[in-house]
Amino acid sequence: MRIAILALQGAFAEHQQMLRRIGVESFLVRNLDDWQQPKDGLIIPGGESTAIMKIMDDEGLTTPIREAILAGLPVFGTCAGLIMLDNAHLGTMNIDVKRNAYGRQLGSFYIEHEVIGIGVIPMTFIRAPYINNVGDGVEVLSVVDGHIVAARQGKQLVCSFHPELSTDTRVHEYFCSLIQG
């Protein structure tokens, strides 16, 4: 298994370290040449969604990434990566998102909470979004304080929090199980 990690901004190195810990090969995508490499899945990390979209557009990545996901490429989006997949951005996942839903950096927090199919896991929220609405085909995996913070649609997995910032590998293992699925 070989997973591409969009490396335009955010915690891409931490995702790569997490995959290395579970024995999964990965590579970083910064441009169209990188994207052309063989891959079994894609991780879109956190960062700033507007900046990520602009860089994707500038590098000619937006259309190929969107088309690959719509054609069935498994994808895992964390924080800004969740925003990237919503109806207002790449439009591959049937969700509507509230950006910076938990406020500024000072509104960041950590909890341990249940995710369906994974168990109780550490969740670090940093200027995090949450999902306002889900449409057909979307399974809600976790709700914190009345807000959807993790969901799945087919082989698309999203979470508001940053699992790559903990030592718990189970969310990345879950994504890999979707790929093998």
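# Charges, cores and buried residues

The mean positions of the 14 positive and 20 negative charges of the protein are 3 Å apart. This is a predicted model.

Me: How do you know that the radius of gyration agrees with a compact globule?
Reply: Compare two values. A compact globule of 181 residues would have a radius of gyration near 16 Å, and the protein has 15 Å, so the two agree. The C-alpha atoms fill a box of roughly 40 × 35 × 35 Å along the principal axes.

Me: What makes up the secondary structure of the protein?
Reply: There are 6 helices and 11 strands.

Me: What share of the residues in the protein is buried?
Reply: Buried residues make up 52% of the 181. As for the surface, the protein exposes about 7800 Å², and carbon and sulfur atoms supply 47% of it.

Me: Which share of contacts joins residues at least 24 apart?
Reply: Take the contacts between residues at least 6 apart in sequence. Of these, 65% join residues at least 24 apart.

Me: Why is cysteine 79 called buried?
Reply: Buried means under 20% relative accessible area. Cysteine 79 has 5%, so it counts as buried. Cysteine 79 sits in the loop between strand 4 (75-78) and helix 5. Its phi is near 55 degrees, a positive value in a residue other than glycine.

Me: Why is arginine 127 called partly exposed?
Reply: Arginine 127 has 35% relative accessibility, so it counts as partly exposed. Arginine 127 belongs to the loop between strand 7 (119-125) and strand 8 (130-134). Although arginine 127 is not a glycine, its phi is positive, at about 45 degrees.

Me: How do you know that alanine 80 is buried?
Reply: The limit is under 20%. Alanine 80 has a relative accessible area of 1%, so it is buried. Alanine 80 lies in helix 5. Leaving aside neighbours within four places in sequence, alanine 80 is in contact with Pro45, Gly46, Gly47, Glu48, Ser49 and Ile52. Alanine 80 and isoleucine 131 are 51 residues apart in sequence and 12 Å apart in space, C-alpha to C-alpha.

Me: What makes methionine 93 count as buried?
Reply: Again, the limit is under 20%. Methionine 93 has a relative accessible area of 1%, so it is buried. Methionine 93 is found in the loop between helix 5 and strand 5. Beyond four places in sequence, methionine 93 touches residues including Leu85, Val138, Ala151 and Val158. From methionine 93 to leucine 157 is 64 residues in sequence and 9.2 Å in space, C-alpha to C-alpha.

Me: Which residues have the most contacts inside the largest nonpolar core?
Reply: They are Leu6, Leu42, Met56 and Ile65, in a core of 30 residues. Elements that give two or more residues to this core include strand 1 (2-6), helix 3 (49-58) and helix 4 (62-70). Helix 5 gives the largest share, 5 residues. Apart from this core lies another, of 28 residues, among them Ile3, Phe12, Phe175 and Cys176.

Me: What does leucine 6 touch?
Reply: Not counting residues up to four places away in sequence, leucine 6 touches Phe12, Val29, Leu42, Ile43, Ile44, Pro45, Ile52, Met56, Leu61 and Ile65.

Note on methods:
Residues are numbered from 1 along each chain as its sequence is written. This is a predicted model: local features need pLDDT of at least 70, side-chain atom pairs count only at pLDDT 80 or more; totals for chains, interfaces and linings use all residues. Side-chain values use heavy atoms; hydrogens and water are left out. Helices (H or I, at least four residues) and strands (E, at least two) are DSSP runs, numbered from the N terminus. The radius of gyration is taken over C-alpha atoms; the globule rule is 2.2 Å times the number of residues to the power 0.38. Buried means under 20% relative accessible area, exposed over 50%, partly exposed in between (1.4 Å probe, protein chains only). Contact means heavy atoms within 4.5 Å. Accessible areas come from the Shrake-Rupley method with a 1.4 Å probe; for residues, only the protein chains shown count as cover. Lys and Arg count as positive and Asp and Glu as negative; His and the chain ends are not counted. The place of a charge is taken as NZ of Lys, CZ of Arg, CG of Asp or CD of Glu. A nonpolar core is a set of buried Ala, Val, Leu, Ile, Met, Phe, Trp, Tyr and Cys residues joined through side-chain atoms within 4.5 Å.
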